[in-house]
2 protein chains.
Amino acid sequence: MAKTLDLRLYLVTDEDCLPAGVTLLDAVEQALQAGVTLVQYREKHGDGGKMLAQAKALTELCHRYGVPLVVDDRLDVALAAGADGVHLGQDDLPCAVARELANQVAGPDFILGVSAHTAEEAAQAQADGADYLGCGALFPTRTKEGVKARGIQHLRSIRAAVTIPFVGIGGIKPEHYKAVRAAGADGVAVVTAILAARDIPAAVRKFTSQF
Amino acid sequence: MAKTLDLRLYLVTDEDCLPAGVTLLDAVEQALQAGVTLVQYREKHGDGGKMLAQAKALTELCHRYGVPLVVDDRLDVALAAGADGVHLGQDDLPCAVARELANQVAGPDFILGVSAHTAEEAAQAQADGADYLGCGALFPTRTKEGVKARGIQHLRSIRAAVTIPFVGIGGIKPEHYKAVRAAGADGVAVVTAILAARDIPAAVRKFTSQF
């Protein structure tokens, strides 16, 4: 897929969030049908073989809905799966290194996302070739315990520091959506508020109705 | 480095094995000075950024001794570090997938090692483009708890199944060396018997004296 980034509602996966009996592929398809605009496959401590199979299946699924799929952390898995990009934390492979490697295999359309917690990290990631940023954590969240919650107004310092698009992340609920956008973010990244919902399409529409 | 494989004494790293106060780089350098012929950087659950820095430092160190360095599991880290190869377990990226990706970045000299527990897995890895195999576990070992110990004679079925070189691995001590070679292996892979030793050069020489 060509690099077209719509960050308005960015779903990040976490199998541990899913209600019993719901598979990851089912949950993501429900979210795609209801209108998420970007999907990240996040699997901490998974084996490469399992991750490759899941990343391939999710890429194929997302492409049926015209939505890009990026893989968290594992650039090798992302490239082998034919995914659209990779998302890198500050402790993962450096962005500039990933860009160089990705260019050799997938070309310049490969999407690079970076987690940036401060304006300095945001500016550095932009300089290193990031296509978008994930900025937070805005609120306390059960998927990243022990991470400092910085609040929505923190996003204004990110907006002032970079020209590339970014999403707010971390414990975001539908009622925060307008304030996050007003603070300069291009959208929100969500895990629990969608995947742990009993009615995933309804949970998605609580965000998309505010686009 | 060109692909020259000397598997006679293959050191696999494990930071948890090191005596207090000994750094990984110091331990590996002592082992290189004493004559190990191949080194694998193994770091389970490490962050990509830390792994990249360690893999780069180890590659540079190994090359000063004319010894190749391969990285366990993380093909992206291996390629970004300029390492000589990657070692893949049965649950990691499939060998054929890794070969295709590595060819695009590093070319055909990039070393692919695969862990094979049975003759069937060994033959499959060879067909998929593996350069060498690690076969075991021969004995119970503290670095891989819960893994079935297969004994030295198991190696004869591997030797009958493949033409590529392989090492025995798993709880191997110097007193097993001749029997492992006699069963058809090209050498041994060792973690604890070298890295946990008070005198690493002496521990290495207990093997190299039997070359």
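Predicted model: local features only at pLDDT ≥ 70, side-chain atom pairs only at ≥ 80, totals over all residues.
Let's begin with chain B and its strands. Eight of them close into a barrel, and their order around it is 1-2-3-4-5-6-7-8. The pairing in this barrel is parallel. To see one pairing in detail, find strand 3 of chain B at residues 69-72 and strand 4 of chain B at residues 85-88, which are joined in the parallel sense over three bridges. One place to look is Asp72(B), whose bridge partner in strand 4 of chain B is His87(B).

Now turn to two helices of chain B. Helix 1 covers residues 24-34 and helix 2 covers residues 48-64, and their axes come within 10 Å and cross at roughly 20°. Because angles under 35 degrees count as roughly parallel, helix 1 of chain B is described as roughly parallel to helix 2 of chain B. The crossing of these two helices is right-handed. Which residues make the contact between helix 1 and helix 2 of chain B? On the side of helix 1 they include Leu24(B), Val28(B) and Leu32(B), and on the side of helix 2 they include Ala57(B), Leu58(B) and Leu61(B). The residues of this contact divide into eight nonpolar, one polar and two charged.

Next, step back and look at both chains. Chain B can be superposed on chain A by a rotation of 180° with 0.0 Å of shift along the axis, giving an RMSD of 0.0 Å. The two copies are therefore related as by a two-fold rotation axis. Of the residues of chain B, Asp76(B) comes closest to that axis, with its C-alpha at 2.4 Å. The copies meet through the same surface, because 100% of the interface residues of chain B are also interface residues in chain A.

Finally, here are some backbone details. Most peptide bonds are trans, and most residues other than glycine have a negative phi. In chain A, the peptide bond from Gly136(A) to Ala137(A) is cis, with omega near -5°. Ala137(A) sits in the loop between strand 6 and helix 6 of chain A. In chain B, the bond from Gly136(B) to Ala137(B) is cis too, with omega near -5°, and Ala137(B) lies in the loop between strand 6 and helix 6 of chain B. Asp73(A) has a positive phi, near 70°, and belongs to the loop between strand 3 and helix 3 of chain A.

Conventions. Residues numbered from 1 in each chain as written. Chains lettered and ligands numbered in written order. Heavy atoms only, no water. Pairing = 2+ DSSP bridges. Helix = DSSP H or I, 4+ residues; strand = E, 2+ residues; numbered from the N terminus. Least-squares fit on C-alpha atoms with pLDDT ≥ 70 in both. Contact = heavy atoms within 4.5 Å. Axes fitted to C-alpha atoms, helices over the stretch in contact; angles between N-to-C directions. Parallel < 35°, antiparallel > 145°, perpendicular 65-115°, else oblique. Left-handed = near helix turned anticlockwise from the far one by under 90°. Nonpolar A, V, L, I, M, F, W, Y, C, P; charged D, E, K, R; others polar.
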